[in-house]
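Here is a short tour of the chain shown below, for reading alongside the viewer. It starts with a stretch that calls for some caution.

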Amino acid sequence: MEKNNHLNFFEDFYNWLNNILVEYGFHSEFNKYILLFILFGLLSILVFIIHYLVRYIVREIIEQMVKKTRFLLFKYLRRHRFPHYVALIAPVTLILGSIPFLFRDFPSLRTPARKLVEVYIVFMIIWIIMSLIKSFFDILKEKPAFKYKPMSSWSQVINIVLMIVGFMFSYMIITGNSLTTFAGILGATSAVLLLIFKDTIMGFVASITVTTNDMVRIGDWITMPEYNADGDVVEINLNTVKIQNFDKTITTIPTYKLIQNSFQNWRGMQTSGGRRIKRSINIIQSTVRFIKDDELNKFAKIQGISDYILERSNEIKEYNSKNKANKEILINGRNFTNLGLFRKYIQYYLEEHPNIDNSKTLLVRQLDPTPKGVPIEVYAFTSTVIWDEYENIQADIFDHLISTVKYFDLKIFEDLHNRVDHSSFQDTGDINY
């Protein structure tokens, strides 16, 4: 009885509008188009009002829940427009009920209109679900175990799966065919789909590989010279990885490039707590010489190598005595060299340095001689990974070592051919490292 009353009301309302149009002289053949336009406008206004009211109510409820509870889900639901999507689906019943009345004079449009509304419902439900899923992932991002995981990639994968499901249901609604027919069409067009969505598919596979193997996390410092990328990873999603370089520029790299090309991840250095120093001083080879016995007292005054000189002197004397070495010529037997003493001093200096981590590899090694001299390389690790502190420690160490060279009667190589004239300054030598 109530349904008949509604139909009678709509019928009376429709006739009343039609009579008004006739009274104003509109031709009866065009009245149905004018009435369709008017009714559509009235329906749009009603839908807008319902949407506004429902969105306001849901938003207020969520706002109150955010204030009164510590449940993070409500905060993120607001951020991901959950009230908006719920409000969009609220007027659906009104729209479906209005279709027979709205298309009273256009019966052939009723079925297509209903199918479009049903497709609309499918995607509205998907958007609501995605809003919930994104909120859930945002909650996980605040957990220490998931803080540096590529949650955006996982969210996008779920989004793609839900959209595929949505298109499947839309196909069934519009065509009336079963999923078997849809699968057949999908198989027939698979080659085209693979071509169109090649980057997405490759990004999907790369995201799974990167996540499973823990190759990159958000916050990692990575270097990819071929893309001029050298900085921190700020975002990982299905298609791209965003890197903020140290000059504050942003480099965007396709995700699948991380498994196709090589890159350097500095996470191991950062988590170890120490950063490597690997730098050389080039000593002029002609300044390397044996140390005479009467010179040892001078070098023994240098802090850090006096004990070494005393211990080593006894070994050298015992060896030379046993082998009856003629010490009138220094080349005979075993001897100290100024370069050897310098290496020992560097070793001592690094071991005593407060900012060098002695628990990690610490080497002072002589590399192969080059046209630019004999490289003496420092290989050690600082006790910090903070960039400016690391650079200051490294600079302080080499400032000291460069100043120390002259005390061992050694000279640092300088390229005289490319040297700039600094005649007004004191020449302290140059260093290549």
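Predicted model: local features only at pLDDT ≥ 70, side-chain atom pairs only at ≥ 80, totals over all residues.

## Confidence along the chain

How does the chain do as a whole? Its mean pLDDT is 79, and 80% of the residues reach 70 or more.

Among the elements, strand β8, covering residues 374-381, has the highest mean pLDDT, at 94.

## A nonpolar surface patch

If you are looking over the surface, you will find a nonpolar patch made up of Leu42, Ile45, Leu46, Phe48, Ile49, Tyr52, Leu53, Tyr56, Ile57 and Ile61. Together these residues expose about 1,000 Å² of accessible area. One of them, Ile45, belongs to helix α2, which spans residues 28-68.

## Aromatic rings and their neighbours

The model holds 13 aromatic pairs. Ring pairs also join Phe299, Phe342, Tyr345, Tyr348, Tyr349 and Phe408 into a cluster.

Which rings have an arginine over the face? Trp266 has Arg275, placed 5.8 Å from the ring centre. Phe398 has Arg279 over its face, at 5.6 Å from the centre of the ring.

Conventions. Residues numbered from 1 in each chain as written. Heavy atoms only, no water. pLDDT = per-residue confidence, 0-100. Helix = DSSP H or I, 4+ residues; strand = E, 2+ residues; numbered from the N terminus. Patch = residues over 30% accessible without salt bridge, like charges linked within 9 Å, V, L, I, M, F, W, Y side chains within 5 Å. Areas by Shrake-Rupley, 256 points an atom, 1.4 Å probe, with all protein chains shown as cover. Salt bridge = Lys/Arg side-chain N within 4 Å of Asp/Glu carboxyl O. Phe/Tyr/Trp six-rings, centres within 6.5 Å; stacked < 30°, edge-to-face > 60°. Lys NZ or Arg CZ within 6 Å of the ring centre and 35° of its normal.
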